[in-house]
Amino acid sequence: HLTLDGRIQFAMEEVLATTVAKHQAVGGMGLVVEVESGDILAWANYPFFNPNSYKSSTPAKWRNRIALDALEPGSTMKPFLIAAALQQGSIKTDSIFFCENGRWQQKGWAIEDPKKYDWLSVNRILSYSSNICAAKIGMALGAEPYADYLRRFGFGRSTSLNLPGESAGLIRDPKTWYPLDLAAASFGQGIATSGLQLAQGYLCLARDGRFTPLKIVKGKPSDDPGDQVVSPEVARAVMAMLREAVDEGTGTRAAIQEVSMAGKTGTAQKAAAGGYGKEYVASFI
């Protein structure tokens, strides 16, 4: 028996189809996960196809994007960076960073923010989604600790769902990272994740920092308590920042009256010949 809930699945598919059409996107994917259990309640890929008559469709529509597509996640990775840096003691919740008024020029490369900020505290860095300050937090944390925490959150490896062809994503050996690689990875570029891995990582944050495997098949709960990736205090601090991101940051469109909402937006440029192009992968978790 699958963990899917037919009503939630139906609602997810309707919203996904409408949103993809509205933004004239190539495709879309959506997951709903119950935090308490790790059960996947809805799983939708768009364009849809009928598996009972798949030959009338095209192979591009058969792909299970959520499990197979490895994409640069963009700013949806910033909560994991901040959680790792807080856990390591590289930053504190009241640390502040200078955001260079929108452009940080280094030798041979530069990072820009969509808006010009001067000084921001860590919670504002996350809610306003400053790439520059995220890069500075990454530099303070270091490549090897950051990559280690990403793997502990479930990135760079397949989930335990045992799906055919599931992507492990891509996190290169941090020993090979240059400063630009670390800066880019801090705001979700230069690494690749699947939709499943992102859901797995956020489930860990929502469960007070304890890793809990996603489930798609119903069964008795595991006796394994799971790895405590970051402390409950760190996880709750990051969740509070994600609530602020919805209340007054980049995720205000996700606000629901009288419901406590937390989340993070992501806008990752798609790689193109010669560098990054003008097309994007947009996401919200």
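Predicted model: local features only at pLDDT ≥ 70, side-chain atom pairs only at ≥ 80, totals over all residues.
Let me start with a contact between two helices, in which Y202, L205 and A206 of α9 meet A235, V238, M239 and L242 of α10. Sorted by class, the residues in this contact of α9 with α10 are seven nonpolar, with no polar and no charged ones among them.

Two packed helices are described by the angle between their axes and the distance between the axes. Here α9 covers residues 195–206 and α10 covers residues 232–248, and their axes come within 8 Å and cross at roughly 110°. Since angles of 65 to 115 degrees count as roughly perpendicular, α9 and α10 are therefore roughly perpendicular to each other.

Let me step back to the protein as a whole, which has 10 helices and eight strands. Its radius of gyration is 19 Å, close to the 19 Å that the globule rule gives for 285 residues, so the protein is as compact as a globular protein of that length. Taken along the principal axes, the box filled by the C-alpha atoms is roughly 55 × 45 × 45 Å. If we take the contacts in the protein with a separation of 6 or more, 64% of them are accounted for by residues 24 or more positions apart.

The peptide bond from Y46 to P47 is cis, with omega near 10°, and P47 is placed in the loop between β2, residues 40–46, and α2, residues 59–62.

The other two places concern phi. N101 is not a glycine, and yet it has a positive phi of about 55°; this residue lies in the loop between β3, residues 96–98, and β4, residues 103–106. Is N101 buried, partly exposed or exposed? Its relative accessibility is 42%, so N101 counts as partly exposed.

E258, which is likewise not a glycine, has a positive phi of about 65°. Its place is in the loop between α10, the helix we began with, and β7, residues 265–272.

Terms used
Residues numbered from 1 in each chain as written. Heavy atoms only, no water. Axes fitted to C-alpha atoms, helices over the stretch in contact; angles between N-to-C directions. Helix = DSSP H or I, 4+ residues; strand = E, 2+ residues; numbered from the N terminus. Parallel < 35°, antiparallel > 145°, perpendicular 65-115°, else oblique. Contact = heavy atoms within 4.5 Å. Nonpolar A, V, L, I, M, F, W, Y, C, P; charged D, E, K, R; others polar. Rg over C-alpha atoms; globule rule 2.2 N^0.38 Å. Buried < 20%, exposed > 50% of the residue type's maximum accessible area, 1.4 Å probe, protein only.
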